[in-house]
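Subject: Handover of a protein structure

Dear colleague,

Please find the structure below, followed by a summary of what was found in it.

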Amino acid sequence: MEEQKQFRCLRCGNCCRWPGCVRISGAEADAIAAYLGVPVGEFLDRYTALMPDRQGLTLIEQVSGSCIFLEECEPPACRIDPVKPSQCRRFPEHWNFPGWEKECAGGAALSKGETEK
Ligand code: SF4
Ligand code: SF4
């Protein structure tokens with residue numbers, strides 16, 4: 001779609017503050033553990049939980065509901081950015097949550113026609 005081609009992330013961090021699951025695959029767990037320099041078992045114990053549907057793993061959240069790997073600096077940053085899960089890399093074009101356009105600064109700019117090419 002034309003609209004989606006023009007989407008630009010404005011680094012507001014709200015997709016990482018969304019209090020929902022961030023599903024990770026086994027290969028992603030291996031890659032994140034290696035990036036953090038910890039054994040995969042330690043990574044799984046410290047940073048993941050079973051999905052509510054019990055069909056996989058999700059990253060855990062901070063008390064605020066933000067992803068455990070969101071760093072609240074300016075602009076907000078992902079501590080595992082080079083190896084972040086596919087769900088994160090595919091936001092918002094291929095994966096998103098209800099009402100994302102209002103939460104996402106890039107989506108809001110797009111709907112107001114403020115996003116440049
Ligand atoms: S892994 Fe990184 S990009 Fe994904 S939700 Fe967490 S902080 Fe955001
Ligand atoms: S919510 Fe949208 S603009 Fe904000 S960091 Fe995520 S993708 Fe970028």
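For what follows, Ala, Val, Leu, Ile, Met, Phe, Trp, Tyr, Cys and Pro count as nonpolar, Asp, Glu, Lys and Arg as charged, and the others, Gly among them, as polar. This is a predicted model, in which local features need pLDDT of at least 70 and side-chain atom pairs count only at pLDDT 80 or more, while totals for chains, interfaces and linings use all residues. Residues are numbered from 1 along each chain as its sequence is written, and chains are lettered from A and ligands numbered from 1 in the order in which they are written.

The two ligand surroundings

A residue is taken to be near a ligand if its C-beta atom, placed from the backbone, lies within 6 Å of it. Around ligand 2 these residues are Cys9, Leu10, Arg11, Cys12, Gly13, Asn14, Cys15, Phe91, Cys104, Ala105, Gly106 and Gly107. By class, this shell has 7 nonpolar, 4 polar and 1 charged residues. Helices (H or I, at least four residues) and strands (E, at least two) are DSSP runs, numbered from the N terminus. Helix H2 and helix H7 (105-111) each supply at least two residues of the shell around ligand 2, and the largest share, 3 residues, comes from H7.

Overall layout

The protein has 7 helices and 5 strands, and from the N terminus on they run α-α-β-α-α-β-β-β-β-α-α-α. Its C-alpha atoms fill a box of roughly 45 × 30 × 25 Å, taken along the principal axes. A residue is called buried if 20 or more other C-beta atoms lie within 10 Å of its own, exposed if 12 or fewer, and partly exposed in between, with C-beta atoms placed from the backbone. Of the 117 residues, 18% count as buried. Two residues are in contact if their C-beta atoms, placed from the backbone, lie within 7 Å. Among the contacts with a separation of 6 or more, 58% are between residues 24 or more positions apart.

The sheet

Two strands pair if DSSP finds at least two bridges between them. In what order do the 3 strands of the open sheet stand? The order is S1-S3-S2, and the pairing is antiparallel. S1 and S2 stand at the edges, each with a single partner strand, so one side of each is left without a neighbour in the sheet. S2 and S3 are joined in the antiparallel sense by 3 bridges; Ala49 has Thr58, in S3, as its bridge partner.

Helix H3

Within helix H3 (residues 26-36), the residues Glu28, Ile32 and Ala33 are buried. They lie on the same side of H3, because they cover an arc of only 130° around the axis, the arc being that of the directions from the helix axis to the C-beta atoms. Gly26 and Ala27, on the other side of H3, are exposed. The buried residues of H3 pack against strand S1 (23-24), helix H4 (40-47) and helix H5 (86-89). Gly37 follows H3 and has a positive phi, near 75°.

Individual residues in loops

Leaving out residues up to four places away in sequence, Trp18 touches Phe97 and Glu103.

Two residues other than glycine have a positive phi. For Arg11, phi is near 60°; this residue lies in the loop between helix H1 (2-5) and H2, and is exposed, with 12 other C-beta atoms within 10 Å. For Arg54, phi is about 60°. Arg54 is in the loop between strand S2 (48-50) and strand S3 (57-59), and counts as exposed because it has 6 C-beta neighbours inside 10 Å.

There are also cis peptide bonds to point out. The bond from Glu74 to Pro75 is cis, with omega near -5°, and Pro75 lies in the loop between strand S4 (70-71) and strand S5 (77-78). Another cis bond joins Phe91 and Pro92, with omega about -5°; Pro92 lies in the loop between H5 and helix H6 (100-103).

Yours sincerely
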